[in-house]
Amino acid sequence: MMKIAYKKKRKVLQNLKNERLKKIRQGYRIILRLWYLEKLNEFYDNLNKVENQKNISYKEIMDKRILIIREKDRFIEEFRKFPIGCTICANQKSNLIYSPMHNSWFCPSCYKISREHNSGKFP
Ligand SMILES: [Zn+2]
């Protein structure tokens, strides 16, 4: 999977103004979101397959489950770095602001509201 590295302390602002480019970006975000959901389904399918295996011990099933769950959690954590939508309102259209403290993206209005309530965590 692609890795995106951001500086730890600084937030990242997107500043796209052209409406046509915004539409293209939105399409890209929708595709990424669908790919993400498909990948999550694969993890759950794999968990189901492992849990329904007949010829292995309970411990082997649990060991395999832990590996799949860890891999899924790593995937989710890594994917949060992709700017596919606002973490709070799921807006996929607007520019987004990355908060390194939350490892998440926010639309400007959700970021502003969050900042009003907790300025220490939203620089
Ligand atoms: Zn939002």
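Modeller: Let's start at Asn-103, which sits in the loop between S2 and S3. Helices (H or I, at least four residues) and strands (E, at least two) are DSSP runs, numbered from the N terminus. Bear in mind that this is a predicted model: local features need pLDDT of at least 70, side-chain atom pairs count only at pLDDT 80 or more, and totals for chains, interfaces and linings use all residues. Residues are numbered from 1 along each chain as its sequence is written.

Biologist: OK, what is the phi of Asn-103?

Modeller: Asn-103 has a positive phi of about 50°, although it is not a glycine. Most residues other than glycine have a negative phi.

Biologist: And how many C-beta neighbours does Asn-103 have inside 10 Å?

Modeller: Asn-103 has 13, so it counts as partly exposed. The cut-offs: buried is 20 or more other C-beta atoms within 10 Å of a residue's own, exposed is 12 or fewer, and partly exposed is in between, with C-beta atoms placed from the backbone.

Biologist: What about Ala-90, where is that?

Modeller: Ala-90 is in the loop between H2 and S2. Ala-90 also has a positive phi, about 70°, without being a glycine.

Biologist: What share of the residues count as buried?

Modeller: 11% of the 123 residues.

Biologist: Which residues make up the largest nonpolar core?

Modeller: Nine of them: Cys-86, Leu-96, Ile-97, Tyr-98, Trp-105, Phe-106, Cys-107, Cys-110 and Tyr-111. Strand S2 (97-99), strand S3 (104-106) and helix H3 (108-117) each give two or more residues to this core. A nonpolar core here is a set of buried Ala, Val, Leu, Ile, Met, Phe, Trp, Tyr and Cys residues joined through C-beta atoms within 7 Å.

Biologist: What is Cys-107 in contact with?

Modeller: Beyond its neighbours within four places in sequence, Cys-107 is in contact with Cys-86, Cys-89, Asn-91, Ser-94 and Leu-96. Contact means that the C-beta atoms, placed from the backbone, lie within 7 Å.

Biologist: Switching to the helices: how do the axes of H1 and H2 cross?

Modeller: The axes of H1 (residues 19-51) and H2 come within 9 Å and cross at roughly 170°. That makes H1 roughly antiparallel to H2 (an angle over 145 degrees). Axes are lines fitted to C-alpha atoms, for helices over the stretch in contact, with angles from 0 to 180 degrees between N-to-C directions.

Biologist: Which residues meet there?

Modeller: Among them are Tyr-36, Phe-43 and Leu-47 in H1, and Ile-61, Ile-68 and Phe-75 in H2.

Biologist: Is H2 well covered or hardly covered?

Modeller: Hardly covered: the count of buried residues among its 22 is zero.

Definitions and conventions: Contact = placed C-beta atoms within 7 Å. Parallel < 35°, antiparallel > 145°, perpendicular 65-115°, else oblique.
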